[in-house]
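Here is a short report for a reader who is new to this structure. Look at the model first, then read on.

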Amino acid sequence: MNIPKETNMHRGKTRESILQSAVELFAESGFSGVSMRDLARACSITPAALYHHFENKRSLYVESIKHAFSERTGGLDEVLNRSADGEQSVRGIVGWFVELIAGDVIFRRLLHRELLDGDDERLRLITEQVLQAPFERITESLSTYFPDVDAKFIGITAISAVLGHFELAPIRSYFGVTEEGYSPKDIADRVSTLLLQGFHGV
């Protein structure tokens, strides 16, 4: 019995490989700039096979974001579990986030695109289904070292400082800034020190 060609394609393309292809395309063109037909073409499958795995583009997008972020959350758990004191925890958290942003260009582009697009529903979905849990773990850890300060404010400040450095990297040289002291490790160390000195004892 001959198996239809589409079924062969369907079986040959795993869910994980579909997600990886989708992540790259969403990062390049954004949610609005990609159709399910584009995604199917990028995955080398038919649209029908793609719809077998995902109900619509939005569900595929959310699963792609989860896929892009999932491998990194384990690193956060490791950082928080091994931190012996508050300062080490702060430096570990900031270092983890710097590594995420510096090392995962696709995730950085996805996040940047969503912040620029400002679609409330997609931002809510990404926050609730992807970012909320690690953010709560981070703020819970920060609150033990900064008991008198709003830990969520500190968490947002840390995220903003790290993202800002990477977003402004293309124009640093126009400010007369050299690359010395701006490696990912340097950024992590300096942002951590800024947080520790700026909020401790407030």
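By class, six nonpolar, three polar and seven charged residues make up the lining of the second largest pocket. This is a predicted model.

## The second largest pocket

How much space lies in the second largest pocket? About 260 Å³. Its lining has 16 residues, and Val79, Gly92, Gly95, Trp96 and Glu99 are the closest to the centre. Three elements each supply at least two lining residues: helix 5, helix 6 and helix 10 (184-199). Helix 6 gives the most to this lining, with seven residues.

## The largest pocket

The largest pocket holds about 490 Å³ of space. It is lined by 23 residues. Nearest the centre of the largest pocket lie Phe97, Leu111, Leu131, Phe135 and Ile159. Helix 6 (86-103), helix 7 (105-117), helix 8 (120-145) and helix 9 (151-167) are the elements that give two or more residues to the lining. Which helix has the largest share of this lining? Helix 8, with eight residues.

The classes in this lining are 20 nonpolar residues, three polar and no charged.

| Pocket | Space | Lining residues | Lining by class |
|---|---|---|---|
| Largest pocket | about 490 Å³ | 23 residues | 20 nonpolar, three polar, no charged |

## The chain as a whole

Now the overall plan. The chain has ten helices and zero strands. Along the sequence the pattern reads α-α-α-α-α-α-α-α-α-α. The chain has 202 residues, and 38% of them count as buried.

Helix 3 covers residues 36-43. Which of its residues are buried? They are Met36, Leu39, Ala40 and Cys43. These four cover an arc of only 100° around the axis, so they sit on the same side of helix 3. A general rule fits here. An α-helix has 3.6 residues a turn, so residues three or four places apart point the same way. Arg37 and Arg41 are exposed, on the other side of helix 3.

Just after helix 3 comes Ser44. Ser44 belongs to the loop between helix 3 and helix 4 (47-53). Its phi is positive, about 60°, although Ser44 is not a glycine. Is Ser44 buried or exposed? Ser44 has a relative accessible area of 54%, above the 50% cut-off, so it is exposed.

## Aromatic pairs

Next, the rings. A pair of aromatic rings is described by the distance of the centres and the angle of the planes. The count comes to seven aromatic pairs. One of them joins Phe26 and Phe31. This pair is stacked, with 6.2 Å centre to centre and 15° between the planes. Phe26 and Phe31 are both buried.

Phe31 also pairs with Tyr61. Here the ring centres are 5.2 Å apart and the planes stand at 80°, so the pair is edge-to-face. The pair of Phe31 and Tyr61 links distant parts of the chain, 30 residues apart. Phe31 lies in the loop between helix 2 (15-29) and helix 3, while Tyr61 lies in helix 5 (residues 57-82).

Why do both count as buried? Buried means under 20% relative accessible area. Phe31 has 9% relative accessibility, so it counts as buried. Tyr61 has 2%, so it counts as buried too.

Elsewhere, Tyr145, Phe146, Phe153 and Phe199 form one aromatic cluster.

## Arginines

The charged end of Arg122 sits over the ring of Tyr61, 5.9 Å from its centre. The charged end of Arg190 sits over the ring of Tyr182, 5.6 Å from its centre.

Arg58 is another residue of interest. Arg58 has its place in helix 5. Its relative accessibility is 26%, so Arg58 counts as partly exposed. How far apart are the C-alpha atoms of Arg58 and Phe31? They are separated by 8.4 Å, with the two residues 27 apart along the chain.

Technical notes:
Residues are numbered from 1 along each chain as its sequence is written. This is a predicted model: local features need pLDDT of at least 70, side-chain atom pairs count only at pLDDT 80 or more; totals for chains, interfaces and linings use all residues. Side-chain values use heavy atoms; hydrogens and water are left out. Buried means under 20% relative accessible area, exposed over 50%, partly exposed in between (1.4 Å probe, protein chains only). The arc is that of the directions from the helix axis to the C-beta atoms. Rings of Phe, Tyr and Trp (its six-membered ring) pair if their centres lie within 6.5 Å; planes under 30 degrees apart count as stacked, over 60 as edge-to-face and the rest as tilted. A charge sits over a ring if NZ of Lys or CZ of Arg is within 6 Å of the ring centre and within 35 degrees of the ring normal. On a 1 Å grid over the protein atoms alone, a cavity is a set of points where a 1.4 Å probe fits but cannot get out, and a pocket is an open set with protein on both sides within 12 Å along at least five of seven lines; lining residues have an atom within 4 Å of a point. Grid points are joined across faces, edges and corners, and a volume is the space filled by probe spheres set on the points. Ala, Val, Leu, Ile, Met, Phe, Trp, Tyr, Cys and Pro count as nonpolar, Asp, Glu, Lys and Arg as charged, and the others, Gly among them, as polar.
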